[in-house]
Amino acid sequence: MKLDLPEHTAPADAEARKALAPVICYPVETLPRPDLAAYRAARAGWETIDEVIVPPREAGAFTVPAGCFFRIVSVEGPQVGDLNLWAQGNLQERFFSGKTRALHGTHVSTGDRLWSCLPYLRPLATITDDTLDWYGFDAFGGSVHDVIGTRCDPYTHNLLSGGDHYHHCCHSNLTRAVMQATGRTKLEAEMQVHDVLNVFMCTGFTRDTGQYFMKASPVRPGDYLEFFAEIDLLGALSACPGGDCSSEHSSDTAACYPLKVEIYRPQATPDGWVSPAPNSYDRTHGCG
């Protein structure tokens, strides 16, 4: 909660303090840049090796071998999706939305990478195409494909609804998908679910209160977000029960549509591409 009026008088130099210029926390000029031309050239002659339809208000799991591509596709109507990624065979290495946000900004698009958690901190996937890149930032400060939200979950729904139990939040959907893909119990599977990439979701922060907002997604059938798998991946995608998130989520009344995951194998991997190794920090933490 923020007070309507501050309780403390501003100091004499308040305006000067506020006027200080911001500094980018993580300058990324030294990050290796993906060779998008090489990635895109590798698409020539690729073959579809799998397709997964994710039903409305449900989630589905899929695997992508390193060196292959995958697309998340809108197929029937405006629908957003919550994406989790793990290193296949080691679910301790998972998508790190916070570090991805710190490196690439609040919303991601072509050329940005999805980074894994510590201590691995390497690219899991690179975004190679985005049919919504035209959207940019709107007059409200909104944009698509955010890494600022978490995922709709039954705990927050329970808190805000006064005790209602709803089981098709993205958190629960992803939990069920992990159970089915790995054979873990529901409690073990839930511990693997993590903060997501909100695919196609249009979000931002209000300028007056700094609150996280959503608005109707601009996605339409045929739109897609395309990735290149930098390592062997396990993915899970939830078709959010909020549909296009124009009014609410965690809902049985919002219009919802399926999403499709398409997986492609190129004839050859991109020129010069090597699957990234885990981060080389020695993990001594100053302890010798």
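So, aromatic pairs: searching the whole structure turns up 9 of them. A pair here means rings of Phe, Tyr or Trp (for Trp, its six-membered ring) with centres within 6.5 Å; planes under 30 degrees apart are called stacked, over 60 edge-to-face, and the rest tilted. Take Phe228 and Trp273: their ring centres are 5.2 Å apart and the planes sit at 90°, so this pair is edge-to-face. The two come from distant parts of the chain, 45 residues apart, with Phe228 in strand 11 (residues 224–229) and Trp273 in the segment after strand 13 (259–265). Strands here are DSSP runs of E with at least two residues, helices are runs of H or I with at least four, and both are numbered from the N terminus.

Before I go on, a word on what you're looking at. This is a predicted model, where local features need pLDDT of at least 70 and side-chain atom pairs count only at pLDDT 80 or more, while totals for chains, interfaces and linings use all residues. Residues are numbered from 1 along each chain as its sequence is written, and side-chain values use heavy atoms, leaving out hydrogens and water.

Back to our pair: buried or exposed? Phe228 has 0% relative accessibility, so it counts as buried, and Trp273 counts as buried too, at 19%. The cut-offs are under 20% relative accessible area for buried, over 50% for exposed, and partly exposed in between, using a 1.4 Å probe and protein chains only. Both rings also belong to one aromatic cluster, together with Tyr39, Trp46, Phe69 and Tyr264.

Next, Cys256. You'll find Cys256 in the loop between strand 12 (233–239) and strand 13, and it's buried, with a relative accessible area of 15%. What does Cys256 touch? Leaving aside residues up to four places away in sequence, the list is Pro56, Arg57, Gln79, Cys240, Pro241, Gly242 and Gly243; contact means heavy atoms within 4.5 Å. For Gly243, 13 residues away along the chain, the C-alpha atoms are separated by 4.2 Å.

Last topic, the backbone. Most residues other than glycine have a negative phi, and most peptide bonds are trans. Now look at His145, in strand 8 (residues 143–146): its phi is positive, about 65°. Phe200, in strand 9 (residues 197–205), has a positive phi as well, near 70°. His145 counts as buried at 0% relative accessibility, and Phe200 counts as buried at 0%. And the peptide bond from Leu118 to Pro119 is cis, with omega near 5°. Pro119 is in the loop between strand 6 (113–115) and strand 7 (123–130).
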